[in-house]
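The following paragraphs lead the reader through selected parts of one structure. Please keep the sequence and the model in view while reading.

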Amino acid sequence: MRAYERFLRYIRVYTTSDPDSSAVPSSARQLDLARLLAAEMAELGLSDVHVDDFGIVYGWLPATPGMEVQSPLGFIAHMDTAPDYSGEHVNAQLIPNYDGGDVLLGGTGDVLSPAAFPSLSALAGMTLITTDGTTLLGADDKAGIAEILTACEAVIASGAPHGRLCIAFTPDEEVGAGVDHFDVKKFGADAAYTVDGGPEGEIAYETFNAASADVTVTGLSVHPGSSKNTMLNAALIAMEFNALLPAAETPRLTENDEGFFHLHGMSGDVEHAQLHYIIRDHDRASFECRKRAMLHAAKTINERYGKEIVRLTLKDSYYNMAEKLADHMDLIENAKRAASLAGMTPYTEPVRGGTDGCRLSYMGLPTPNLCTGGFAFHGRFEHIAVESMDRCAKMIELLMTSVR
């Protein structure tokens, strides 16, 4: 079975995670895909396949005779889709021999255009898979799952020698909880790859350092006609807080290795206001400076009004995995060779995001990230090409066998 055929089956399973839930996994619907994958893995011939109490799917391919001394290698992808956009009732469009031009998304009349997504031109001549415009597609990260299992099937069918292969599929990556309960010791790999990246050839070992910041503003409401020197308008004070942060250091105005403050949610009235930020920076020292800037802004506002009006809660999410992968660059070189042999042009660049591999690397499992071939994740313009998925699956197969 080709990777895209698996992918089209997986995207029909609704697995959007829930950022407001305290359940594990955050949405029970993710277990529907977990059970489907466990059954498929067992049918392929993986051993000890199971879904644990936290919704993580584990399975292993034992080493072939004579290869038992080779270091066990893991491959990981996540089952959930992002809550940014609907992942229910996904209807994919397949466009054979795509001409490189505009694509009408039949469910909404929206147009997927090279003018907005210049990368489309590189997919001309391939079979393009898009959404119908009503949902996201789910290539992040069901494409990764499909490519890993397609590679497993190829390895088993070929009888190629390989060391022990460790496979896992996690829930809740999109809400930052993907490896909260991951059992590194049980997984048993000496190193691993997440398959959760973007365009063909992308190999990532450097990510953001990440934190969240929640700002609560407590105001005082009195009649506006008699509020001189009395009213404290929490909504306006929240705006004062934001104005103390660097105006040019937002996602829209930054690129490459530049960090940012991202205000992704706000609400409020005169008495109460909330601001929700994420903080990102590749450089650890700059990351710490950004957090201090937030603390200073809160301190400045409170001194301005003579009491604690602003409360700031900072929470680190993950750290740049480059710090943990510096002594494991053989993983990157192996991935580059596998990508080249699979027909791709490998490249590395800092990822403006994070993966489960960030936290896994700090948990003692060095885990760089491999491409899936997808584009425009988390929205209705998400797309991927069938042939890209084939090459990504081949890259994984080579890593499982000859390229080590």
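A crossing of two helices is called left-handed if the near helix is turned anticlockwise from the far one by less than a right angle, and right-handed if clockwise. Helices (H or I, at least four residues) and strands (E, at least two) are DSSP runs, numbered from the N terminus. The model is a predicted one, in which local features need pLDDT of at least 70 and side-chain atom pairs count only at pLDDT 80 or more, while totals for chains, interfaces and linings use all residues. Residues are numbered from 1 along each chain as its sequence is written, and side-chain values use heavy atoms, with hydrogens and water left out.

By the handedness rule, α8 passes α10 in a right-handed crossing. The axes of helix α8 (residues 329-341) and helix α10 (residues 386-400) come within 8 Å and cross at roughly 130 degrees; axes are lines fitted to C-alpha atoms, for helices over the stretch in contact, and angles run from 0 to 180 degrees between N-to-C directions. Angles under 35 degrees count as roughly parallel, over 145 as roughly antiparallel, 65 to 115 as roughly perpendicular and the rest as oblique. The two helices α8 and α10 are therefore oblique to each other. On the α8 side, N334, A335, A338, A339 and L341 meet M395, L398 and L399 of α10, where contact means heavy atoms within 4.5 Å. Seven of the residues in this contact of α8 with α10 are nonpolar, one is polar and none is charged. In that division, Ala, Val, Leu, Ile, Met, Phe, Trp, Tyr, Cys and Pro count as nonpolar, Asp, Glu, Lys and Arg as charged, and the others, Gly among them, as polar.

Helix α10 also lies across β7 and β16, running at about 70 degrees to β16. These strands belong to an open sheet of three strands in the order β4-β7-β16, with antiparallel pairing; two strands pair if DSSP finds at least two bridges between them. At the edges are β4 (93-95) and β16 (383-385), each of which pairs on one side only. From one strand to the next, the twist averages 20 degrees. Three bridges join β4 to strand β7 (residues 128-130), and I95 has L128 in β7 as its bridge partner.

Helix α1 (residues 3-10) is mostly covered, with six of its eight residues buried; buried means under 20% relative accessible area, exposed over 50%, and partly exposed in between (1.4 Å probe, protein chains only). The buried residues are A3, Y4, R6, F7, L8 and Y10. They pack against α2 (30-44), β4, β7, α3 (139-158), β16 and α10.
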